[in-house]
Amino acid sequence: MSTNLESSSATSTANAGGGVAVDLAAVEKIYRTDKVETVALSNVNLTIPGGEFLSIMGPSGSGKSTLLNVLGLLDTPSGGTVTLDGDLVADLNDRQLAAVRNREIGFIFQSFHLINDLDALDNVQIPLLYRNLPNSVRTQMAEIALERVGLGSRMRHFPTQLSGGQQQRVAIARAIVGTPRLLLADEPTGNLDSKMGEEVMQILEEYNRDAGVTVIMVTHDQRLAERTERIVRLFDGRQVH
Amino acid sequence: MTRHIFKLVWNRKRSTGLIFVEILICFLVLCSVLGAGVHYLGQWRSPRGFESENVWVTYIGGADFYRADDEEMAVMRQQVAALIRDVRSLPDVEEVGISFNVPYSNSAWISSTRIDGRSVSVSATQLTPEVMGVLGIELLTGRWVEDTDAALSYTPVVITRNLARDLFRTDSPLGKNMPQFDEEGQLQEPGEGDVISRVVGVTDDYRHFGELGDTPYVTFSGVDLQNGDDIPEEMLIRVRPGTTAAFEEILVETMQNVVPNWSYDTQLLDQSRHRHIMGRIGPLIISAVIAAFLIIMVGLGLVGVLWQSVTRRTGELGLRRALGASSRSVRYQILGELWALTTCAVVLGTVVMIQLPLFGASFGASWSVIAGGLTLATLVIYGFVTFCGLYPTWLATRVKPATALQYE
């Protein structure tokens, strides 16, 4: 993974390598306290080829977000292995994990997670801050990303000045600005009405189709899930299909 | 990243305002205390123009020279001459002189002159020629005051180097009269009957108040023990190195044998020096202690505010980790914001401190002292805020992104 990381150009705007192939083998995640042991994921085996658009479904507490955190290298599994493009994630240190998240993975959250004290343009630039890029290049890349999600006229608006749909589009722009090869979306339409949800879904589909990026989306919406190539269902931390 | 940090700090000015004010107050206090420290250090390292080791000072009491009539004065002159003679004859004594204002005493005779159109004070010291040897005053050029000076038609004066430089510029001061000014500050020629003071020598700068005192303009002139209207009450005695405190008893006994009805308060000049130094440094030490407590309080407050800030920003920190920030990046994010705030406080504090001399509120501190205080305060404040930020920053790096992202 570190090789891929180093070879991926910081300033590239096109994704030449396609999507990241993800492989989970017997992944477990157990949260332990003094008295309670909670199994969040149990024996999850999942192979996701590069460029696939996959959705994860399941009731609340079934482990969807935990699985997404493990896939996004935000959390480490208690057991099993995670490989991205054939590279074992467990072999990476904190700095390498951060670099992989920065260059290879884009995150979209249900609650947007925008920084209210920064305008849309500055919010979108955040992932680029952790690359050694000049300010002018960062700004240009963020402007392109915002244009792509249809917010070219709202770049200097602060999150509180934007609607929910617009905020989610800023979050999508932030997720794609660094041209990641894996996009992880945690209920991206959960806080939006159906019209805005449809707009967000279209952006994800377009990005998957045009850039060949692997997209993994957690959703409760059966209708949206059916538009993806594959649905993985979880129940009590286990795969049921 | 620097631009991003400054923008974030600016956009969060309401929530970071308190930290900014705390750092600014800290910086100003540090400037004041460290500026005073720099001032005194500079003073300490400058030569004081005399030596205090192995010098005793005896204050003659009960003589009442000021009220004596001519007949009484004639007797007292003989008594003082006998005192000097007998003390000089003691085996431990190397030299004896008398002076109207000895080093470290709070009394001084102040006259004035004009330099560059402004009135300046000049400390006028009258003494016997032997005082030069007692105090080890270094004569740079010309001659020292002599016993025969009273016979001259003018008053020979020896001036310090700083007065010679500022009064006569590059000209040699030797043989030149001290300028006289009328009440409106205009230079005037001496009139008939006026006493003319003529420069006969130049000494190194002489700092009456020693190591921590300023460097005043000083003139030295002789005391006329034969015919003068007044007689100094302070006797300066240089003893041989190694002379013990037992000398005091011998000295007082000798003097009492000469004039039993006068009192003799004797002490080492170094004791006066020590008292004087403590008198100057004491307030600085008290100020430094108060400042240290204040800074510790501010530091604790800063740690608390930063701690709260990190806790409040858990979600944001988690987001940054998710978007590619390593633990190190998060550490520099928090410290960077603190340094950005500190930079703003230092810039504002520097502007404030620079204004002080312009408005005459610098308490006599020179630009070099202010610059030294600012430089030291800047270094200390950056070190201080970094130290205060270490623990909250460490907490920030411990934030697990998956957990942090659950914070709203």
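I count two rings of Phe, Tyr or Trp as a pair if their centres lie within 6.5 Å. I am working on a predicted model.

**Aromatic rings**

I searched the whole structure and found 10 aromatic pairs over all chains. In chain A I looked up A:Phe107 and A:Phe109, which are stacked, with 5.9 Å from centre to centre and 0° between the planes. Both A:Phe107 and A:Phe109 are buried.

I then turned to B:Trp144 and B:Phe220, a tilted pair at 5.3 Å centre to centre, with 50° between the planes. B:Trp144 lies in the loop between β5 (139-142) and β6 (155-160) of chain B, and B:Phe220 in strand β10, so their pairing ties together parts 76 residues apart in sequence. I find B:Trp144 and B:Phe220 buried. Both belong to a cluster, linked by ring pairs, that also holds B:Phe50, B:Tyr104 and B:Tyr206.

**Charges over rings**

I noted B:Arg198 over the face of B:Tyr154, 4.3 Å from the ring centre. I also noted the charged end of B:Arg280 over the ring of B:Phe209, at 5.7 Å from its centre.

**Between the chains**

I looked up the contact of chain B with chain A: chain B gives 24 residues and chain A gives 25 residues. The buried area is about 2,200 Å², and carbon and sulfur atoms give 60% of this area.

I found three salt bridges across this interface. One salt bridge joins the side chains of B:Lys7 and A:Asp122, at 3.0 Å from N to O. I also recorded eight residue pairs in polar contact between the two chains. On the chain B side, the elements giving two or more residues are α1 (2-11), α8 (314-322), α9 (327-358) and α11 (401-404).

Conventions: Residues are numbered from 1 along each chain as its sequence is written. Chains are lettered from A and ligands numbered from 1 in the order in which they are written. This is a predicted model: local features need pLDDT of at least 70, side-chain atom pairs count only at pLDDT 80 or more; totals for chains, interfaces and linings use all residues. Side-chain values use heavy atoms; hydrogens and water are left out. Rings of Phe, Tyr and Trp (its six-membered ring) pair if their centres lie within 6.5 Å; planes under 30 degrees apart count as stacked, over 60 as edge-to-face and the rest as tilted. Buried means under 20% relative accessible area, exposed over 50%, partly exposed in between (1.4 Å probe, protein chains only). Helices (H or I, at least four residues) and strands (E, at least two) are DSSP runs, numbered from the N terminus. A charge sits over a ring if NZ of Lys or CZ of Arg is within 6 Å of the ring centre and within 35 degrees of the ring normal. Contact means heavy atoms within 4.5 Å. Buried area is the accessible area (1.4 Å probe) that two parts lose on being put together, summed over both. A salt bridge is a side-chain nitrogen of Lys or Arg within 4 Å of a carboxyl oxygen of Asp or Glu. A polar contact is a pair of N or O atoms within 3.5 Å; within protein, one must be able to donate a hydrogen and the other to accept it, and residues adjacent in sequence count only if both atoms are side-chain atoms.
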